[in-house]
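The following exercises ask the reader to examine a protein step by step. Each task is followed by a worked solution.

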Amino acid sequence: MISIPGMRVSVGRSSVAVLVALLVTALGPVNGATATGGARESLVPLTGLSAERVLLADKVAAAKFGTPAPIDDPAREQVVLDNVRTLSIGMGVDPEESVAVFRDQIEANKQVQRHLYALWTAHPELAPVERPDLATEVRPQLDRITLRLLEQLKATDHSRARPSCPGRLLATRLFVSHDRNLDPPHRAALDRSLSSACDRPAVGTP
């Protein structure tokens with residue numbers, strides 16, 4: 001995340017830490033194995049990558065703010081989704097599932113952008129003084145995260161189909177939000193970015 005005054009605020013970190021510990025204890029480790037010793041796919045890497053993408057929205061906003069470039073760009077969004085579909089087929093990932101997840105990722109990114117636009121408009125002194133280049137700096141980072149997210153969607157395919165996925169994902173989001181010291185707008189965007197992550201045909205094992 002680029003340095004923007006007032007954006008990284010620690011809110012109730014001790015309380016969140018206790019809640020995370022309780023949830024992880026109740027739902028089982030987010031990294032590691034089940035109580036029976038069978039391997040379980042961790043949702044931490046997937047959630048961590050989503051957090052990285054959410055934080056990159058700060059740079060996207062900084063690149064666009066004060067320019068004619070819109071927050072909502074359906075043509076560009078379709079290019080991203082078409083690329084995700086093509087990559088998914090080549091990687092053996094369900095393309096419909098991937099597109100659904102990346103629609104959420106895009107909406108989460110725009111959610112952060114809207115928040116920052118409102119903040120910077122109301123408080124111009126907080127607006128970024130440097131403008132990152134979307135084409136050469138920001139989009140290559142987003143492209144790298146796209147590939148890694150698709151790898152994690154494939155790696156967690158069975159885990160995300162289990163009935164326990166929503167609860168485990170909640171614990172993982174809290175863990176990652178606390179670990180990355182996300183402020184409320186970025187925590188909300190992280191939640192939005194993973195809205196479809198557990199939308200898989202359920203399997204019987206927790």
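## Exercise 1: Overall organisation

Residues 24 or more positions apart account for 84% of the contacts in the protein with a separation of 6 or more, where contact means heavy atoms within 4.5 Å. The model is predicted, so that local features need pLDDT of at least 70 and side-chain atom pairs count only at pLDDT 80 or more, while totals for chains, interfaces and linings use all residues. Residues are numbered from 1 along each chain as its sequence is written, and side-chain values use heavy atoms, with hydrogens and water left out.

**Task.** State how many helices and strands the protein has, and what percentage of its residues is buried.

**Solution.** 
Step 1. The protein has eight helices and zero strands; helices (H or I, at least four residues) and strands (E, at least two) are DSSP runs, numbered from the N terminus.
Step 2. Read from the N terminus on, the order of elements is α-α-α-α-α-α-α-α.
Step 3. Of the 206 residues in the protein, 43% are buried. Buried means under 20% relative accessible area, exposed over 50%, and partly exposed in between, with a 1.4 Å probe and protein chains only.

## Exercise 2: Two packed helices

**Task.** Describe how α7 and α8 pack, giving the angle and the distance of their axes, and state which residues meet.

**Solution.** 
Step 1. Helix α7 spans residues 165–179 and helix α8 residues 184–193; they pack at an angle of about 145 degrees, and their axes are 11 Å apart. Axes are lines fitted to C-alpha atoms, for helices over the stretch in contact, and angles run from 0 to 180 degrees between N-to-C directions.
Step 2. The crossing of α7 past α8 is right-handed. A crossing is left-handed if the near helix is turned anticlockwise from the far one by less than a right angle, and right-handed if clockwise.
Step 3. From α7, Arg173, Val176 and Ser177 meet Arg187, Leu190 and Asp191 of α8.
Step 4. By class, this contact of α7 with α8 has two nonpolar, one polar and three charged residues. Ala, Val, Leu, Ile, Met, Phe, Trp, Tyr, Cys and Pro count as nonpolar, Asp, Glu, Lys and Arg as charged, and the others, Gly among them, as polar.

## Exercise 3: The nonpolar cores

**Task.** Which residues of the largest nonpolar core touch the most other members?

**Solution.** 
Step 1. A nonpolar core is a set of buried Ala, Val, Leu, Ile, Met, Phe, Trp, Tyr and Cys residues joined through side-chain atoms within 4.5 Å.
Step 2. The largest such core has 31 residues, of which Phe102, Leu149, Leu153, Leu169, Leu190 and Leu194 touch the most other members.
Step 3. Two or more residues of this core come from each of α2 (44–64), α3 (74–91), α4 (95–122), α5 (134–155) and α7.
Step 4. Leu169 is in contact with Leu43, Thr47, Leu194, Ala197 and Cys198, leaving aside its neighbours within four places in sequence.
Step 5. A second, separate core of 14 residues includes Val54, Ala57, Ile71 and Ala127.

## Exercise 4: Aromatic pairs

**Task.** How many aromatic pairs does the structure hold?

**Solution.** 
Step 1. The structure holds two aromatic pairs. Rings of Phe, Tyr and Trp (its six-membered ring) pair if their centres lie within 6.5 Å; planes under 30 degrees apart count as stacked, over 60 as edge-to-face and the rest as tilted.
Step 2. Phe65 and Tyr117 are edge-to-face, because their ring centres are 5.1 Å apart and their planes stand at 75 degrees.
Step 3. Phe65 lies in the loop between α2 and α3 and Tyr117 in helix α4, so this pair ties together parts that are 52 residues apart in sequence.
Step 4. Phe65 and Trp120 also form an edge-to-face pair, 5.2 Å centre to centre with 70 degrees between the planes.
Step 5. Trp120 is buried, with a relative accessible area of 1%, whereas Phe65 counts as partly exposed at 22% relative accessibility.
Step 6. Phe65, Tyr117 and Trp120 form one aromatic cluster.
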